[in-house]
Amino acid sequence: MTILSFLAILGVGIGAGFINVIAGGGSLLTLPMLIFFGLPSAVANGTNRIALMAQNIVAIASYRKDGYFDARFSFLLAVPALIGSIVGAQIAVNIPDDLFNRILSIVMIIVLVIMIWKPHKNLSASNGENSRMKKIALVLIFFFIGIYGGFIQAGVGFVIIAALTLVTGLSLVKINSIKVFVVAVYTLSALVVFVVNGQIHWGYGITLAIGTSLGAFLGSKFAVRHGDKWIQRFLILAVIAMAVRLFFFT
């Protein structure tokens, strides 16, 4: 890893961590960036999980400190997501690079539309009571969320927020506390699959983890009025450019 690549990955990591706190969607920058630095798609996918783990561990600690962590309910959803993520990660390890890159480019545009439209904010939330049928439904939903998260990860936070809002009606703070725990658990299992298959670049991964953790810290402390709008504008332009590059020039 050259000094230039180190600084570039660290910088993108800081930006992605900041974006994840303010607007969400930081993986839409980090994953294609790793691919552009010459990593095979599976290696880039696995390497990105190191940064995700670091960032979510920091978030879990913060939510626990503030008293928002519902351990029992979070574990209930994390287990099926963990199982699904193993399936998804195995698919990601074996899929051809050009096909993965094209799938990623399409997912990036879909997630971008979701970020702009924000349909999860318009969902009719159910009452806060979690009946047995709701819990069964959520277990099935989170199994498939785990498959998607294990496979590609980008934008999974929006899916989790939408599912929990629609089914449980919990507050956004509690939903986010559940989200970061579930993502951390299934990311760990997916990371193991990538490690076992030798699909990790540790130098890039650790550098990216440092950057995203620092970016998340700065984002949580940096409250500038309307700043999120400028970040979203930058993200829109960057994602469109990367998606076009991935789809047409794989």
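**Helix order and packing in the chain**

Visitor: What pattern does the chain follow when read along the sequence?

Guide: This is a predicted model, in which local features need pLDDT of at least 70 and side-chain atom pairs count only at pLDDT 80 or more, while totals for chains, interfaces and linings use all residues. Residues are numbered from 1 along each chain as its sequence is written, and side-chain values use heavy atoms, leaving out hydrogens and water. Helices are DSSP runs of H or I with at least four residues, strands are runs of E with at least two, and both are numbered from the N terminus. The chain has ten helices and zero strands, and its pattern is α-α-α-α-α-α-α-α-α-α.

Visitor: How are α6 and α7 oriented to each other, roughly parallel or roughly antiparallel?

Guide: Helix α6 (residues 132-151) and helix α7 (residues 156-168) pack with their axes, lines fitted to C-alpha atoms over the stretch in contact, 11 Å apart and at an angle of about 175°. Angles between N-to-C directions run from 0 to 180 degrees, and those under 35 degrees count as roughly parallel, over 145 as roughly antiparallel, 65 to 115 as roughly perpendicular and the rest as oblique. The two helices are therefore roughly antiparallel.
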